[in-house]
Amino acid sequence: MVYYQRYHQWRKGDVPFVCENNKRVARPKLLFLVLLSFVSFSFILAPLFFTSAPTLSLLYSFGFEDEGVVYASVCSSVSNGSICCDRSSIRSDICVMKGDVRTDSASSRITLYRSNGYGSQVIGASGENEEIFQHEKIKPYTRKWEKSVMDTIDELDLVTKGENSAIHQKCDVQHDVPAVFFSTGGYTGNLYHEFNDGILPLYITSQHFNKNVVFVILEYHDWWISKYENILPHLTEYPIIDFRGDNRTHCFPEAVVGLKIHDELTIDASLMGRNKTIRDFRDLLDRAYLPRIRGLIQEEEHETQLDMNISALSPSAKTKIETTEEKRDVKKPKVVIIARNDSRAILNEDSLVKMAEGIGFQVEVLRPQRTTELARIYRALNSSEVMIGVHGAAMTHFLFMRPDSAFIQIIPLGTDWAADTYYGLPARKLGLRYIGYKILPQESSLYNEYEKSDPVLTDPDSVNNRGWEFTKKIYLDRQNVKLNLRRFHKRLLRAYYYSMAKKNGHLHHQNQ
């Protein structure tokens, strides 16, 4: 048997609800008084609660506090030997099991053994009687409302049995910290969803446990672990377990199944609204990527030194070094263009680069691939003043930009709502200077495919109203962009002046 010993201390907090033996016990009198207080002091509390309501995000899920405001989950407190499930959110279900928790990957079951209570007699697969006190089912993925994707997620059975049954399931690995079970299936592979449905909810949960937690993953992917290898050590201090790939019985003092997030605590609902949470998440990214970025800089310096040694023998190599130094002119503001490799590409990208350089920018073009190291992307964007890109999952990289940087999102036909909801609004809340560039029909490749009076060009909303499959087929998969450079020049020049003002210490915050 393998033992992981580590001291873990729980935080205490005020909890308005207690879930005991799967029963939610409310305190109606207290709640009634609180509600009356809210109404009575609405004029005082309104600025605090209502003006910031859409921006609450990345806050602890199980009774958390952020800048003096306390939020509590139904399962903030769970009695020993019981399972509490909170299914109130449209985004995800979450269940908390406290006590002697043991895994059985072969049967997709997590069992909690308890000492007392009465249950129903259930005939097991072996024909023997098993005493089941409680039985819950859950799919630990954060897109609960989307049936098509949830149908692809593995389901877990959570059961509570009497302690006498534990003799039949011995522990192979004993842990002294809780476990969090979640899935990296579904839309994993799409950068937006990897952050929105995975990393951000996982950040919330790991902060609640202060990294004293073991992650147990369903639909485990080695490439996902490698991709986020810089971030994960800042969320957990323990080895990650592949639920399907590890058939051993893992035992925990507590388990959280699913990633619980507030319905507004996601990228598409303003990301991280409160200042403390924004700072915390940015600090985490800085801590995660700084060591690797230092390594990248050292590698580049080493390559430059080799080039300098060669330059004594090769004049062309010397010219190469001088050109490289020109590109690194720190006096010029840097713009990073996120280039797409499939649909929604910028057809006149080369002309855009030349125009940006003519304005006075140092230009870098990034073409992120699935295998591109995130630290390299983080370094490029975190050292830039402006990011330009066409609406799509790659715009999630705005998370890597410094506060007060400028983000120009090119908005193709039919993507207005998604562009602003998923990226524009969160970018503004994150403190970026957001500039949305809505293209004209003449700038879309669809202009050459449809009649000029076709609703695809004149009324995209009516096309979108026909269903997601039409939006995807027409506006997302078949549309490219050829920018009207004279028109786009105004936005780019505005970003340049803004960047220069920032360098000189004169900022005027205005998003549009």
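Start by selecting residues 485-503 in this predicted model: that is helix α14, which lies across β19 (386-390), β20 and β21. Compare directions while you are there, because the helix runs at about 175 degrees to β21, with axes taken from N to C.

Five of them form an open sheet with parallel pairing, and the order to follow is β18-β17-β19-β20-β21. Colour β18 (362-366) and β21 (433-438) next: these two stand at the edges with a single partner strand each, so one side of each has no neighbour in the sheet. Direction ignored, neighbouring strands here are turned by 20 degrees against each other on average.

Zoom in on β17, residues 334-338. Five bridges join β17 to β18, and the two run parallel. For a landmark, pick K334, which has Q362 of β18 opposite.

Then bring up residues 416-429, helix α10. This helix packs on the sheet, where β20 (406-411) and β21 are the strands touched, and its direction makes about 175 degrees with that of β20.

Centre on Y289 and you will find contacts with N230, I231, L374, A375, Y378 and F400, leaving aside residues up to four places away in sequence.

Note on methods: Residues numbered from 1 in each chain as written. Predicted model: local features only at pLDDT ≥ 70, side-chain atom pairs only at ≥ 80, totals over all residues. Heavy atoms only, no water. Pairing = 2+ DSSP bridges. Helix = DSSP H or I, 4+ residues; strand = E, 2+ residues; numbered from the N terminus. Axes fitted to C-alpha atoms, helices over the stretch in contact; angles between N-to-C directions. Contact = heavy atoms within 4.5 Å.
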